[in-house]
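Colleague: Before I set anything up with these coordinates, could we go through them together, one point at a time?
Modeller: Gladly; here is the entry, and your questions can follow.

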Number of protein chains: 2
Amino acid sequence: MQNFVFHNPTKIIFGRGTVPSIGKESAEFGNRALLVYGQNSIKKNGLHGQVVASLAQAGLTVIEHGGVCSNPLLEHVRAGIAKVREHDIQVIVAVGGGSVIDTAKAIAAGSPADCDVWNFFIGKQTLKTALPITTVLTLAATGSEMNAGTVITNEASKGKFALSHRLLYPKVSILDPEQTFTVPPSYTAYGAVDAIAHVLEFYMTTTDEDVPVQAELMEGLIRNAMQSCERCLADPCDYGGRSALMWTATLALNGLTGAGLGQTAFPMHMIEHSLSALYNVAHGAGLAVVIPGWLRWRLPQDAARIARLGRSVFNLVGGTDAERAEQTILAFRNWFSKVGSPVTLAELNIPASDTSQIAANALTLARLWRLDAYSQENIEAVLSLCQ
Amino acid sequence: MQNFVFHNPTKIIFGRGTVPSIGKESAEFGNRALLVYGQNSIKKNGLHGQVVASLAQAGLTVIEHGGVCSNPLLEHVRAGIAKVREHDIQVIVAVGGGSVIDTAKAIAAGSPADCDVWNFFIGKQTLKTALPITTVLTLAATGSEMNAGTVITNEASKGKFALSHRLLYPKVSILDPEQTFTVPPSYTAYGAVDAIAHVLEFYMTTTDEDVPVQAELMEGLIRNAMQSCERCLADPCDYGGRSALMWTATLALNGLTGAGLGQTAFPMHMIEHSLSALYNVAHGAGLAVVIPGWLRWRLPQDAARIARLGRSVFNLVGGTDAERAEQTILAFRNWFSKVGSPVTLAELNIPASDTSQIAANALTLARLWRLDAYSQENIEAVLSLCQ
């Protein structure tokens, strides 16, 4: 096990009927709130009204900042920052999925800064202070509700970049599984794929293989993501299934899985970010395409590790490591298909001829994330296995 | 899954060479520290000197409060409180295992209070404020380094009682596995048993069985406690084994395993506390005696759950649930024996004729912990299965 610091200060309030606590929890941090949310779904299902009422009851003045789209955009973040400054906002309240929470984090980071917020994403400046964030989660997927990361797309430069800083942990996140009952099957599956991808990135890129505690935790989370996803698809209002998927996705990227692994990396996300940035595909769908291709690309070096995963996730036994690893990759791909996700670039309507352009885009991120092993050629090789 | 709040603010600094950060971390909370520790072992192995030097370098004035014994005593807590008041101490620095950290927590709770500290343990008063605590852990066992609980023995009333309050989470805990290289085989094993017991209490007493995320986590932790304990016994300086055991014990009782299970209880600890209070047996040794007996007592109602545990921890398959549950209990008992722990009251030199007296002592705790299902008769029945 490698040295690590684990310090996750986010307070999780989990369960049925917990949304009305958002007002009291947010009021701990100020009395003027920016309410960040996405499209109209939370207005249709009543969640917006419930949150606004709770904030008002706790004495907060609310300025609205709706309209966050999936693969959230820098310009929309900048517009939020302008509102914060205009209205002297003290706390950012995010109601939505990962895109909304990531937008809230970027606004929280950029508002008190004397530089443009993008500078933090491209590593030109270091965050010194940020506004407090509270969240109400509506999608089990990214884990943003209990981590310090945010991913934003710069539509001008076609870059989807990430920022992580301990000032960006939400102070409080409210996770009510019932709020995910209306998530459509496709996004339920993409959320599960995202959680699986988060775990796989750590699992596959750890520099220390003597991490049995974390390995068990990660394998259990992957099994839970799959099983709970299937329950949710079979019955969208299965509270137990929605609960398990929600808590799994949160634990998949809250720092626990990676603690002690040493230097880890996010190569699958690195490549997927380019798919999202260039073609605006759903993040989970893009990951379901990249994961099998990337695993196949790594197979020669990582057969034993992939085989272990196959044994523990798919009960694969017998054969050589290489054979079991092959079966594991196929099993993941089949499962992604089974839950309704695309598994090839073609299914995403991305022509094979674009491979070079995607790789060029991904390479920018590879350099920024210090994924030095990834060249244009390597990334193209991975993409060629995603056909 | 049941509603829960999870909020664990302890900062964990884990790994080789991390001890010297205790000064800087503690200085965040004040410049006069009470250094709480146990017997002479940390002086012999140089840890005491290392900590004192680090605290001095960070500008802290240190008042010493050594002499904590296992099953730590209320009188020693009170003596610590007197020192805090006399020297206007601002931060409590605990260097040791669970007994030392628990003592530090009790001192942190009692020092600012205008009542006797025991009132918090017997539920007569509620904690309102506490001094900050930092720790350097030297034993993988209790999880006290990352939770809000403390257990203290009142030698006058022969009561071993617990207090849990969120003000008692250590601010920072330093976990260097190398500091446990010198832990003797018996205490290495008792620590693993303690971690297993913590998980088992939650696993066996959950009121909600639809908790697949937590079940996987718990089963993985039990497997890890056993495997890492065996590594440490085979080679006391196996860094990977010591790391895994240490992190397992921390995660076994940091709130994650129990989050979402609803009302859980600590019946095995309830009974063991009486063994410790009356006979001063090592906590882990007492637990290794109580666990198989208690499981056997629960077998008629909980065969399915114990059988699941057997499948997942000992790879037991085939037979009826009841048969597999029987095998599971035997497998735990055999494993406790194998790692050198007593597994019967007789091995603890406790005569069978004391059963009634032990049960009477445990009953006090059963009432305080609201374990209403436990009568004198029931507890005696469990104890009769611990022979």
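This is a predicted model: local features need pLDDT of at least 70, side-chain atom pairs count only at pLDDT 80 or more; totals for chains, interfaces and linings use all residues.

Colleague: Turning to chain A, is A:T134 buried or exposed?
Modeller: A:T134 lies in strand β6, residues 133-137 of chain A. Beyond its neighbours up to four places away in sequence, A:T134 touches A:I22, A:E25, A:S26, A:F29, A:V91, A:I92, A:V93, A:A94 and A:V172. With a relative accessible area of 0%, against a cut-off of under 20%, A:T134 is buried.

Colleague: Which residues have the most contacts inside the largest nonpolar core?
Modeller: In soluble globular proteins, nonpolar side chains tend to be buried together. Here the largest nonpolar core has 243 residues. As one example of its packing, B:I92 is in contact with residues including B:L34, B:V36, B:V84 and B:L131, leaving aside neighbours within four places in sequence. The residues with the most contacts inside that core are A:I92, A:W247, B:I92 and B:W247.

Colleague: How are the two copies related?
Modeller: Chain A can be laid on chain B with an RMSD of 0.0 Å, by a turn of 180° and a shift of 0.0 Å along the axis. The two copies are thus related as by a two-fold rotation axis.

Colleague: Which residue of chain A comes closest to the rotation axis?
Modeller: The copies meet through the same surface, because 100% of the interface residues of chain A are also interface residues in chain B. Taking C-alpha positions in chain A, the residue that comes closest to the axis, at 2.4 Å, is A:P9.

Colleague: What percentage of residues 188-383 of chain A is helix?
Modeller: UniProt, in an unreviewed entry, places the feature "domain: Fe-containing alcohol dehydrogenase-like C-terminal" at these residues. Over this stretch the end C-alpha atoms are 25 Å apart and the strand content is 0%, while the helix content is 71%.

Colleague: How far from A:C229 is the nearest cysteine sulfur?
Modeller: A search of the whole structure finds zero disulfides over all chains. A:C229 is accordingly in no disulfide, and the nearest cysteine sulfur, that of A:C232, lies at 6.6 Å.

Colleague: Is B:R370, with its positive phi, buried or exposed?
Modeller: Phi of B:R370 is near 60°, a positive value in a residue other than glycine. B:R370 sits in the loop between α13 (355-368) and α14 (376-384) of chain B. At 68% relative accessibility, B:R370 counts as exposed.

Terms used: Residues are numbered from 1 along each chain as its sequence is written. Chains are lettered from A and ligands numbered from 1 in the order in which they are written. Side-chain values use heavy atoms; hydrogens and water are left out. Helices (H or I, at least four residues) and strands (E, at least two) are DSSP runs, numbered from the N terminus. Buried means under 20% relative accessible area, exposed over 50%, partly exposed in between (1.4 Å probe, protein chains only). Contact means heavy atoms within 4.5 Å. Copies are superposed by least squares on the C-alpha atoms of residues with pLDDT of at least 70 in both. A disulfide is a pair of cysteine sulfur atoms within 2.5 Å. A nonpolar core is a set of buried Ala, Val, Leu, Ile, Met, Phe, Trp, Tyr and Cys residues joined through side-chain atoms within 4.5 Å. UniProt positions are given in the numbering used here, feature names are shortened, and annotations may be inferred rather than shown by experiment.
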